[in-house]
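Here are my notes on the model you asked about. Keep the sequence and the 3D view open while you read.

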Amino acid sequence: MKPLVIKLGGAVLNNSLALDNLFAALQQVEQPIVLVHGGGVVVEDVLAKTGFVSEKLDGLRITPKEQIPYVVGALAGTSNKLLLAQALKAGLSAVGLCLSDAGSCKVSQMDARLGHVGEASLGNPALLNSLIELGHVPVMSSIGIGEDGELYNVNADQAALAVCKLLQGQLVLLSDVAGVLDQDKQLVAELNSALADKLIADGVITDGMTVKVKAALEAAEFLQTPVSLASWKDPAKLASLLAGQTYKGESVGTQVTV
Ligand SMILES: Nc1ncnc2c1ncn2[C@@H]1O[C@H](COP(=O)(O)OP(=O)(O)O)[C@@H](O)[C@H]1O
Ligand SMILES: CC(=O)N[C@@H](CCC(=O)OP(=O)(O)O)C(=O)O
């Protein structure tokens with residue numbers, strides 16, 4: 001059975017009720033599950049409290065080397081262990097990892113202008129497959145380690161794309177928003193690359209959503225299966241989505257196809 005790779009992002013990490021609902025829904029999923037998470041809100045908080053000013057370029061956080069200890073602490077530490085705690089509490093046999101454990105993903109510097117931002121590519125799926133086989137649920141932060149031995153901050157949507165390709169899985173990207181919204185703030189039920197290009201060119205899709213949509217399009221093309229972009233906020237819709245069902249006759253979130 002194809003693993004279901006679920007990417008969790010946005011303020012969900014600060015919302016224990018939403019996490020309770022999410023893990024209750026996950027208990028009903030019959031496929032093996034791999035969680036890949038962000039924690040941008042936790043990073044923002046830590047950097048602000050430490051007195052750093054943090055900026056993004058095209059939706060990616062510029063990560064100077066001196067900020068890496070705080071970013072790693074926020075993502076591979078606090079966010080990862082917070083999710084692990086919720087998963088264990090819900091009865092899942094969860095295992096906390098980063099992208100680089102046992103060489104699962106390869107990570108290298110993306111662009112010198114972004115500092116320690118990494119690009120993830122496919123590595124060795126053996127550890128993840130073994131964990132899945134044994135009934136464990138890998139919970140992976142988007143921190144990676146390069147061949148140079150340096151720590152890198154990978155955008156979590158791009159991290160989930162790499163993990164999903166590695167496992168030939170199915171991808172669901174969960175965020176604060178219901179999906180991709182059009183110029184009238186209405187949900188776009190189906191998004192293909194032509195419509196995505198138009199909405200990006202028109203400035204309707206911006207910032208982190210541009211990164212998310214591009215990751216979803218690449219996954220849909222590679223895996224030859226639609227990718228869902230949806231919210232973690234509505235428990236009933238989330239349960240339907242994760243069960244592969246419609247909600248009141250309508251698909252949940254945005255379905256991204258090639
Ligand atoms: N067309 C759009 N539809 C929905 N959200 C959009 C759109 N364009 C920009 N956004 C912004 O993108 C955000 C989601 O991206 P991001 O913050 O990176 O999510 P996450 O942290 O869950 O990965 C939304 O909260 C919204 O502010
Ligand atoms: C390079 C880059 O942008 N890294 C992201 C990683 C976390 C993330 O993607 O978190 P969300 O999914 O919650 O937004 C960051 O530092 O915010």
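The points below go from the ground rules to the sheet, a helix, the ligands and a few single residues.

1. First, the ground rules. This is a predicted model, where local features need pLDDT of at least 70 and side-chain atom pairs count only at pLDDT 80 or more, while totals for chains, interfaces and linings use all residues. Residues are numbered from 1 along each chain as its sequence is written, and chains are lettered from A and ligands numbered from 1 in the order in which they are written.

2. Now the record. An unreviewed UniProt entry annotates residues 3-227 as "domain: Aspartate/glutamate/uridylate kinase"; positions follow the numbering used here, feature names are shortened, and such annotations may be inferred rather than shown by experiment. In the model that span is 40% helix and 21% strand, and its end C-alpha atoms lie 13 Å apart. Helices (H or I, at least four residues) and strands (E, at least two) are DSSP runs, numbered from the N terminus.

3. Next, find the sheet. It is open, has 8 strands with mixed pairing, and reads β5-β8-β2-β1-β11-β13-β14-β12 in order. Two strands pair if DSSP finds at least two bridges between them. At the edges sit β5 (94-97) and β12 (190-191), each pairing on one side only. For one pair to look at, β13 (residues 227-231) and β14 (residues 254-256) run antiparallel and are joined by 3 bridges; S228 stands opposite Q255 in β14.

4. Have a look at helix α3 (residues 68-89). Its 22 residues reach 30 Å from first C-alpha to last, close to the 32 Å expected at 1.5 Å a residue (the expected span is 1.5 Å times one less than the number of residues). There is a bend of about 30° at A74, taken as the angle between axes fitted to the seven residues ending there and the seven starting there. Among the buried residues of α3 are V71, A74, L75 and L83. Buried is 20 or more other C-beta atoms within 10 Å of a residue's own, exposed is 12 or fewer, and partly exposed is in between, with C-beta atoms placed from the backbone. After the helix comes G91, with a positive phi near 90°.

5. What surrounds ligand 1? The shell has 17 residues, the closest being G9, G10, S175, G208 and M209; a residue is near if its C-beta atom, placed from the backbone, lies within 6 Å. Helix α7 (residues 207-223) gives the largest share, 4 residues. By class there are 6 nonpolar, 7 polar and 4 charged. Here Ala, Val, Leu, Ile, Met, Phe, Trp, Tyr, Cys and Pro count as nonpolar, Asp, Glu, Lys and Arg as charged, and the others, Gly among them, as polar.

6. Ligand 2 has 16 residues around it, with G9, G38, G40, R61 and A156 the closest. Two or more residues come from each of α2 (40-50), β4 (60-61) and α3. The classes are 6 nonpolar, 9 polar and 1 charged.

7. The unreviewed UniProt entry marks G39, G40, R61 and N153 as "binding site". They are spread over 115 residues of sequence but cluster in space, with a largest C-alpha distance of 11.9 Å. R61 lies in strand β4, and R61 counts as buried because it has 21 C-beta neighbours inside 10 Å.

8. Finally, is N21 buried or partly exposed? N21 counts as partly exposed because it has 19 C-beta neighbours inside 10 Å. This residue is in helix α1 (residues 16-27).
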